[in-house]
Amino acid sequence: MPLAMSRVSRRTVLRGLGVGLLALGGVATFIRTSGYDLPAHRRGKLRVLDAAQFTILTAIASCVCAADGSDAPSIEETDVVGFVDTFAVSMPGRMRRDLLLFLGVIEHVAPLFAKHATRFTLLPKASQDDVLSALEVHDNGLLRGGFAGLKALLFMGYYRDPKTWSLLNYDGPTIGRAVTP
Amino acid sequence: MSIRSGADLKGQVRLLCDAVVVGTGAGGSIAARELARAGAKVIAVEEGALSTSADFNQREEQMLPLLFQDRGGRTTDDLAIRVLQGRGIGGSTVHNTNLCKRTPDAILELWHERYRVTGMRPSELAPAFERIERDLSVSEIPLAMRNRNNDILRIGTEALGWRGGQLKHNRVGCQGSGFCELGCVYNAKQNALKVVIPEAVLAGADVIADVRAVKILHDSSRVLGLYGEAIDREGRVVAEVTIDAPVVVLSASAVGSAALARASRIPDRYDLIGRRLRMHPGSVVAGRFKDEVCGDKGIPQSYECTEHLSFEEGSDKRVWITTAFAHPIGTASVLPGFGAKHMSMMRSYRHFSVLTAMLHDESMGEVYLAPDGRPALRYQMSRSDCLQLQKGLRACAELLFAAGAEEVVIPATPRVVVKSRRDLDSIDWSFGKPHSVPLTAVHPMGTMPLGDDPRSSVVNSRGEHHQVRGLFVADGSLFPTSIGGPPQISIYSFAQHLSPHIVERLRH
Ligand SMILES: Cc1cc2nc3c(=O)[nH]c(=O)nc-3n(C[C@H](O)[C@H](O)[C@H](O)COP(=O)(O)OP(=O)(O)OC[C@H]3O[C@@H](n4cnc5c(N)ncnc54)[C@H](O)[C@@H]3O)c2cc1C
Ligand code: SF4
């Protein structure tokens, strides 16, 4: 989920809203890391995310991968956030940094886009959906693109799981079986 | 195939050869093969790993990070365009979709007249094209292997009386699994990995995977060699590699080669290196059909619609339309929205036919170095290209309706759902622009163009830098303009055509 910015493009973006907000979110993430608790089975097991980042990403994943029916597996059953944590280990450094920074933006800044003064993880689910919808159509391209990248990462975590394939009638890999036309 | 891995090197390594080739994709594989066949001592370094059909497992979440640059996450710096490029022995040919088209004659003539490219008119390049097509077993995709997604494009094209046709490919023994973009488990792709690199090795080339070129060594007038870093599977540097050589061939792709040239401070009097990046950016349109389409099965792309494509300079027909189908993760990331609504759309996965409108782009981007030294891309789509994109999206929608789609979904944000062909007239298509529709580019090119005028080209028509003797380019960077279609045959063939000049340089 790259939010790669060169010196020049940072300058360009500074003219707009983007980096100011990103920086705010980043700073806020460093300051406000209290009040986030990891579930017992995650303690000491995460490789990249800290407790705050794990909590924020779990809240986002609950919205992004929300099911439309009872046959769809949950984000816990598919371990979406655990997948992203592992995937992030070998991400190029600047992408990993941008990903973590962006989580801070969503937690502390994005709620303002939907006129909420509370941090993302404390909002009710419907309001969280509003915040993400506002982010998805935000005028600032970096915020929009950042959310698209984050969504892609979460969908990767979700749809990689064979339990989701029957929803799509998708057969999965052909290795070890006859290829049917 | 005997290929070394840089991961096995340690400390400071010093090597000596006649020519170093950087990158082992379409261009690099041919350069390495031809130089080795001419008797030169060649070392080809590749920053990615060697992965073969035994390593491919048809799983998106594992193959994307294994086979693609930046673990599949490369984008333009404004995050508007996803840029897919290969990383590993065989480069982008490992996961490409095997379409084979020659450079259009009109483009070659344009380069000759406008960009002072000599020796590369259609008749002059014909022997190289023929040679490459023979080597890679290029043939027309059998009609029996056209899947329903591609047949829908054919039906739509014919129903509208538009121009189109069956495409050619470089596959032998294809099982129609549909997983081409994740590497072929059945080893059916006749690509750099399977065909050309083994031939290069057989001819004596020393191919080393997991070595990233960091700097071209030169004294501003001639090449002295290459400095690189050997890396392990976790990306840690395990050795420093210095290769002394009078010739360096840049084949690290239009992104990698320009970035390396910039990092090496190659003389660039007219500030051309990395500029003029074209990419064929494209977006998709999905049609929902009553019956299953199963676009994920069979050869992904076998038919094209060229009604809106002309190669005349300044033409307002600059859209190439073909099919585009992805596996679940790829599809989910392109569909707009999220949550329950998104999942409902995903349930139509098997009922979607997906077309892509790719631009024969005029916009010019740039490859530059990010603060961490890695390549970064800047690309602003011009107004004229945005209009072409809008035209292309509309044309895809028309084709899908003409083929019987019940509704058409344009994955814009917010999404656009169209119920009938008539409704297309009432749509304001201005949403067709970066950040509003998902854009992907798989054909970066043009960052170190060739030509005989140093004011408009980085290398001469023999592929050699205008000022630095012994520095050659043999990859997609060479194109002076977009070519408006799949570039691999052009790149393989240009490398084939230019190789004798490199051999010649070694002799003098
Ligand atoms: C998904 C997809 C589908 C495609 N489908 C088609 C198709 O159907 N038909 C078609 O004609 N084209 C297709 N293409 C495009 C085509 O594959 C490429 O245009 C072509 O392979 C580019 O050749 P190249 O030699 O310029 O670079 P590449 O083939 O990309 O090779 C460059 C190599 O250089 C290596 N490298 C980069 N930097 C360094 C460094 N610093 N040190 C060492 N090594 C380095 C890279 O790891 C890579 O292996 C597709 C591309 C993609 C991504
Ligand atoms: S469709 Fe053919 S070439 Fe593509 S992955 Fe399957 S067998 Fe290989």
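User: How many residues of domain 1 of chain B are in contact with domain 2 of chain B?
Analyst: This is a predicted model, where local features need pLDDT of at least 70, side-chain atom pairs count only at pLDDT 80 or more, and totals for chains, interfaces and linings use all residues. Residues are numbered from 1 along each chain as its sequence is written, chains are lettered from A and ligands numbered from 1 in the order in which they are written, and side-chain values use heavy atoms, with hydrogens and water left out. Contact means heavy atoms within 4.5 Å. Domain 2 of chain B gives 29 residues, and the count for domain 1 of chain B is 29.

User: What area is buried between domain 1 and domain 2 of chain B?
Analyst: Buried area is the accessible area (1.4 Å probe) that two parts lose on being put together, summed over both. Carbon and sulfur atoms give 62% of it here, and the total is about 2400 Å².

User: How many salt bridges are counted between domain 1 and domain 2 of chain B?
Analyst: The rule asks for a side-chain nitrogen of Lys or Arg within 4 Å of a carboxyl oxygen of Asp or Glu. Between domain 1 and domain 2 of chain B, the count is 5.

User: Which residue forms a salt bridge with B:Arg374?
Analyst: The closest N and O atoms of the pair are 3.4 Å apart. The partner of B:Arg374 is B:Glu47.
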